[in-house]
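Trainee: I would like to learn how to read strands and sheets in a model. Could we work through one together?
Mentor: Gladly; let's look at it side by side.

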Amino acid sequence: MKNILLFLILISATFSAQQNLKINGKIINSDKEKNGAPIVIYLLDNDNQLLKTTIAQDSKFEFDQLKSGSYHLQLSSDESIQNEKPFYLEKNIEFSIAFEPKSQKIEELTITAKKNNFKVENGNITLDIANSALNKLPTSSELLSKLPFVMMDANGEGLSFVGKGTPLLYVDNQRVDFATLSAISVDDIKSVEVIRNPSVKYESEGKAVIKVNLKKSRKDGAQLSVSETATFQKRFSNYLSANFQQKKNKTEWKLNASYNQINHWESNGFDYQVPSKNISSNYVIKSITKRPQTIFAASLYQELNDDGDYVTLSVNSNFRPDKGDNNTNTFYSENGNSTLVKTLNQQDRKRATINSIFNYKKKITDWDAEILTGFQFKRESDNVGYSFYNDTNNSGYEFNQFRHQLYAGNAYSGRIDIEKKINDNYNLELGGSFTKAETSTNNKTTFQNNQNPEFFQYQFKESNLAGYTNLAINADKWNINAGLRAETTNAEGFDLVENATKITRDYLDWFPNTEISFKQNDNYDYTLNFRKSISRPSYGNLASGGLYGSPYVEYQGNPDLVPTYTNTITFTTNLKKISLNASAYNSKNPLGYTLVYDEERNISKFQPVNFGKEMGVSLGIDSLFQGKKWTSQNSLSVNYDKIEDSLAVLKNSTPYVYFSTNNTVNVWKYLSILLDGSYITKRVEGLYENNSMCLVNLGMTSSISDFDFTVRYNDVFNQMNYIQKMSYNRINSTGTFFGNTPTISFAAKYNFGKLKKSSYKENAVNETSNRL
């Protein structure tokens, strides 16, 4: 792998990178003078599909970040439209266009074409949400569950990516966590990118990225949308949200408020044995709580001049108390003696997240460069009280213990990104960032008939300083994108009770990223990508304060966790409407969850641990069928993964198949039928053995005037139960995570007003803030 890395880096210094062509233009009238009226320029491809839009500034316009191919331009003003001749772009072009108002009188410009809602480029998938029936889904979290290769957790509060673990989540250029993303209105989403080969711009964290791009319109105005969704699962939940946007001249601001009355249901259970201790047990824990969620967000975008300089400021908050009961039924046997224990956990929890971002962008015309600077602050807090009661062998509930746990974390960060065009064939990007995070855990446990409570106080501090450079070169049909990132990290974990330092880490990491592509023509291209990435444990998992499940099981963090390092090489090719991909990866210290036996306390602990190593390969195909009434997006992959550890009993790994499909049938103008689903076969991944699942979802959407209506029926066959078997550290276990399905939902949305012009932009500063 080192030889491959060296080879790719040497090539990247010699050849070109990602195609980065540009179109510059000047618009004149028939007298060869600048036009005074505002003119909109549309860039379209061979199929008359709209690719980009801009407004001429001082009669000049520009389109950048383009690939070679056939295009044509269309110009319009308030009264006229003009089409230019098609052209083939293979190097930067400058146009001088005479705009003739006499060409055609129009009241409104409408470009109609069969929109391609599913696009694969360099192995990355882009789905157009705004122009498909998917934009009628009630929540963005449900939208994410429809993406290819993405699987929703059983409790509906997290995502996993087939073969790549937990993906990074972005909204535009801002990294967010799942709770923040799930609060965004689907109506605000323009497209979603499933990035299987992230560039160095997406930092070194994680092996895949899901990027949500928000809508941006073109004219001044205001818009208010109100949506209501009723969801029937094992319990009823209600979601109410309102979004307001207003833009005037160079100022734009947004407000968002949501109140979600969530009646949460969650359940999992384990059947496990500790043969060396002659212990066998099985338990099922079920949580039924009320989670009223309140979300507020405000954003301001201020354009500073006509050169594109701007500042942005955004603040958002998410408050989500969680109160109710957790019940655990445990059957426990040790040396032939059996015990039945019912545990009641009365929970009163308050969680809150506050996040703020400031950005400043400056264009330096003399250098042909752009500079983006930003600062970000995020605070996460979790304050919870637990009261535990045990009923042993039906003797009645007795108080066992009370736990008060307080977790809080702050993250401060800043960054600078510089993009410099060297010449027509070379583009240089470089930048740096810093992050400083501090978390504290303060737990107190009071036991029955014990006057001496237990305390756990833990502080964790981490600072990260990073710098990166990325070189893009274009040479004929060859392109190479080569990036290198360096990160230095200092971490310290301190136990205040023991007055002892538990963690001291100082390390320097290098993360290369190289992509080589060859474009044969418009229908055939080939790409080879190499990337090294890191996955750091969340700060909460590094604190060892635990949750009591029963007298025999606790849920705990692990302060000994270390980052996971992964090398991935991928090859993709586009063959007209079919895309083929192949990849291979290996990881050091992969992170997973398992039961661990604590011999000193004679209990089992469910906690995250680092395993020895992991490797995997995959071969896949993505395709699109688009008819007059029926659109079908399909992805199929054959995968092989293997996780190894010296403490585990390994099984022979087996290949498995994953298939996903998303279908829309337009019955008539105002009504669409949806059918989507996924299937994954039973799989053995060395350490893990997982069950097969077949998820089928049905839906119907309708738009009448300013109203949108949606009806959904998810998991028709009630298959969303995750079963996982493993043998690790003297424990044989079978865990089951029960899904909160099937789901029936009814959604209604009404739109007031119309916002047609928006320049709003926002960039992330802290790329690791979700670790809080």
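Trainee: Which four strands form an open sheet, and in what order?
Mentor: A word of care to begin with: this is a predicted model. To read a sheet, follow the pairing from strand to strand. Here the order is β31-β32-β36-β35, and the pairing is mixed. The edges are β31 (547–550) and β35 (591–598); each has a single partner strand, so one side of each is left without a neighbour in the sheet. From one strand to the next, the twist averages 30°.

Trainee: How do β32 and β36 run, parallel or antiparallel?
Mentor: For that, look at the bridges and the direction of the two strands. Strand β32 (residues 553–555) and strand β36 (residues 603–610) run parallel, joined by three bridges.

Trainee: Let me try a single residue. Is Thr-594 buried or exposed?
Mentor: Compare its relative accessible area with the cut-off: buried means under 20%. Thr-594 has a value of 2%, so this residue is buried.

Trainee: Which residues is Thr-594 in contact with, leaving aside neighbours within four places in sequence?
Mentor: The list is Lys-605, Phe-606, Gln-607, Val-609, Phe-611, Met-726 and Tyr-728.

Trainee: Now a hairpin, please. How many residues lie between β43 and β44?
Mentor: Start at the turn, then check the strands on either side. Two residues separate β43 and β44 in this hairpin, and Ser-705 in the turn has a positive phi of about 55°. Strand β43 (residues 693–704) runs antiparallel to β44, with seven bridges joining them. Across the pair, Leu-698 stands opposite Tyr-713 in β44.

Trainee: Which residues of β44 make up its covered face, and which its uncovered one?
Mentor: Sort the side chains by face. In strand β44 (residues 707–714), Asp-708, Thr-710, Arg-712 and Asn-714 form the covered face. The uncovered face holds Phe-707, Phe-709, Val-711 and Tyr-713.

Trainee: And stepping back, how many helices and strands does the chain have?
Mentor: Three helices and 47 strands. The chain has 772 residues, of which 53% count as buried. For the reach of its contacts, take those between residues at least 6 apart in sequence: 66% join residues at least 24 apart. Finally, the accessible surface of the chain is about 34,800 Å², and carbon and sulfur atoms account for 54% of that.

Terms used. Residues numbered from 1 in each chain as written. Predicted model: local features only at pLDDT ≥ 70, side-chain atom pairs only at ≥ 80, totals over all residues. Heavy atoms only, no water. Buried < 20%, exposed > 50% of the residue type's maximum accessible area, 1.4 Å probe, protein only. Contact = heavy atoms within 4.5 Å. Areas by Shrake-Rupley, 256 points an atom, 1.4 Å probe, with all protein chains shown as cover. Pairing = 2+ DSSP bridges. Axes fitted to C-alpha atoms, helices over the stretch in contact; angles between N-to-C directions.
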